[in-house]
Amino acid sequence: MVLADDNFATIVAAVEEGRAIFANIRKFLRYLLSSNIGEVLTMFFGVLLAGPIGLDAGGGAVVLPLLATQILWINLVTDGPPALALGVDPADDGLMEQPPRPAGEGILTNRMWRGIVFVGLIMAVGTLHVLDASMPGGFVEGHGDLPYAQTRAFTTLMLFQMFNVLNARSDERSAFVHLFTNPWLWGALAGSVALQVLVVHTPILQRAFGTVPLSVHDWITCTAVASTVLWLREANKIVTRMAR
């Protein structure tokens with residue numbers, strides 16, 4: 001750097017850029033790991049609790065809470081763009097005022113893992129609650145059939161991950177700070193939601209992904225349940241900041 005422009009101030013700018021890149025890698029991992037843990041826990045407990053939540057088909061048959069194509073859609077289509085957008089998130093304020101990281105500290109710290117598992121549990125509980133409430137039997141009585149319940153659960157889990165990407169921008173700072181500083185993120189969120197609407201309401205995609213149309217009330221319910229991951233994580237961050 002000194003040979004390139006003979007200016008020691010360049011070193012400061014380079015360190016700041018390096019810290020910003022490292023922070024964005026952590027955001028990327030925080031988002032994808034928490035989202036994937038939410039999916040894994042949803043499938044695991046959905047099968048484990050198939051009887052109590054009304055998924056038991058009888059005769060020893062196992063009914064999955066979500067179809068394989070639906071999980072694939074979430075992982076490849078609706079998760080990808082927001083995750084990539086986190087990679088170009090602007091640097092946080094006061095980045096150079098933070099002390100250096102301990103030499104032996106890895107990319108994922110114990111505090112990050114606690115937040116990742118916390119978010120994953122919220123997503124799994126909320127998704128299974130919507131699934132349970134969409135069918136007869138179970139803990140919450142519903143009135144729909146299996147494709148309807150799976151479509152609502154599929155949509156709820158996808159929307160959980162849209163709210164979760166706002167959480168993933170920081171382990172401590174509120175998601176509402178500098179909320180609109182990354183236009184790529186909001187474009188990715190809008191695109192992902194638009195694709196989800198298509199897969200739920202387009203006949204050819206309904207056949208491919210086992211979905212059925214949802215009413216406006218269904219969409220509001222799924223969105224309301226999915227937003228809990230944002231509010232509960234915000235409460236968790238407040239406790240973290242107060243404990244510092």
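The model is predicted, so local features are taken at pLDDT of at least 70 and side-chain atom pairs at pLDDT 80 or more, while totals for chains, interfaces and linings use all residues. Residues are numbered from 1 along each chain as its sequence is written, and side-chain values use heavy atoms, with hydrogens and water left out.

The largest pocket has a volume of about 1,000 Å³. A pocket here is an open set of points, on a 1 Å grid over the protein atoms alone, with protein on both sides within 12 Å along at least five of seven lines; a cavity is a set of points where a 1.4 Å probe fits but cannot get out, and lining residues have an atom within 4 Å of a point. Grid points are joined across faces, edges and corners, and a volume is the space filled by probe spheres set on the points. Of the 29 residues that line the largest pocket, Arg26, Leu95, Gln98, Arg101 and Arg111 are the closest to its centre. Two or more lining residues come from each of α2 (9-48) and α5 (110-132), and α2 gives the largest share, 8 residues. Helices are DSSP runs (H or I, at least four residues), numbered from the N terminus. By class, the lining of the largest pocket has 8 nonpolar, 5 polar and 16 charged residues. Ala, Val, Leu, Ile, Met, Phe, Trp, Tyr, Cys and Pro count as nonpolar, Asp, Glu, Lys and Arg as charged, and the others, Gly among them, as polar.

The second largest pocket holds about 160 Å³ of space. Among the residues that line this pocket are Leu41, Phe45, Leu121, Val125, His129 and Asp132. Both α2 and α5 supply at least two of its lining residues, but here the largest share, 6 residues, comes from α5. This lining divides into 10 nonpolar, 1 polar and 1 charged residue.

The structure also holds 2 cavities of 30 Å³ or more. The largest cavity has a volume of about 50 Å³, and its lining includes Arg30, Tyr31, Gly115, Asn164 and Arg233. The elements α2, α5 and α6 each give two or more residues to that lining, which has 4 nonpolar, 4 polar and 2 charged residues. The second largest cavity, of about 30 Å³, is lined by Leu166, Arg169, Ser170, Arg173, Ser174, Ala175, Val177 and Lys237. Of these residues, 3 are nonpolar, 2 polar and 3 charged.

Charged side chains come next. Side chains of opposite charge can pair when their charged atoms come close. The whole structure has 9 salt bridges, each a side-chain nitrogen of Lys or Arg within 4 Å of a carboxyl oxygen of Asp or Glu. One of them joins arginine 26 and glutamate 105 (3.0 Å, N to O). Arginine 26 lies in helix α2 and glutamate 105 in the loop between α4 and α5, so this pair ties together parts that are 79 residues apart in sequence. Arginine 26 is buried, at 14% relative accessible area, whereas glutamate 105 is partly exposed, at 27%. Buried means under 20% relative accessible area, exposed over 50%, and partly exposed in between (1.4 Å probe, protein chains only).

Lysine 27 forms a salt bridge with aspartate 92 (3.7 Å, N to O), which links helix α2 to the loop between α4 and α5 across 65 residues. Lysine 27 is buried, with a relative accessible area of 2%, and aspartate 92 is partly exposed, at 21%. Aspartate 92 also forms a salt bridge with arginine 173, with the closest N and O atoms 2.8 Å apart. Arginine 173 is in the loop between α6 (146-167) and α7 (183-201), 81 residues from aspartate 92. Salt bridges that share partners join Lys27, Asp89, Asp92, Arg169 and Arg173 into one network. Arginine 173 is buried, with a relative accessible area of 19%.

Aspartate 79, in the loop between α3 (68-78) and α4 (80-86), is buried yet has no salt bridge. The nearest side chain of opposite charge, arginine 30, is 15 Å away; Lys and Arg count as positive and Asp and Glu as negative, while His and the chain ends are not counted. The side chain of aspartate 79 does make a polar contact with the side chain of tyrosine 31 (3.2 Å). A polar contact is a pair of N or O atoms within 3.5 Å; within protein, one must be able to donate a hydrogen and the other to accept it, and residues adjacent in sequence count only if both atoms are side-chain atoms.
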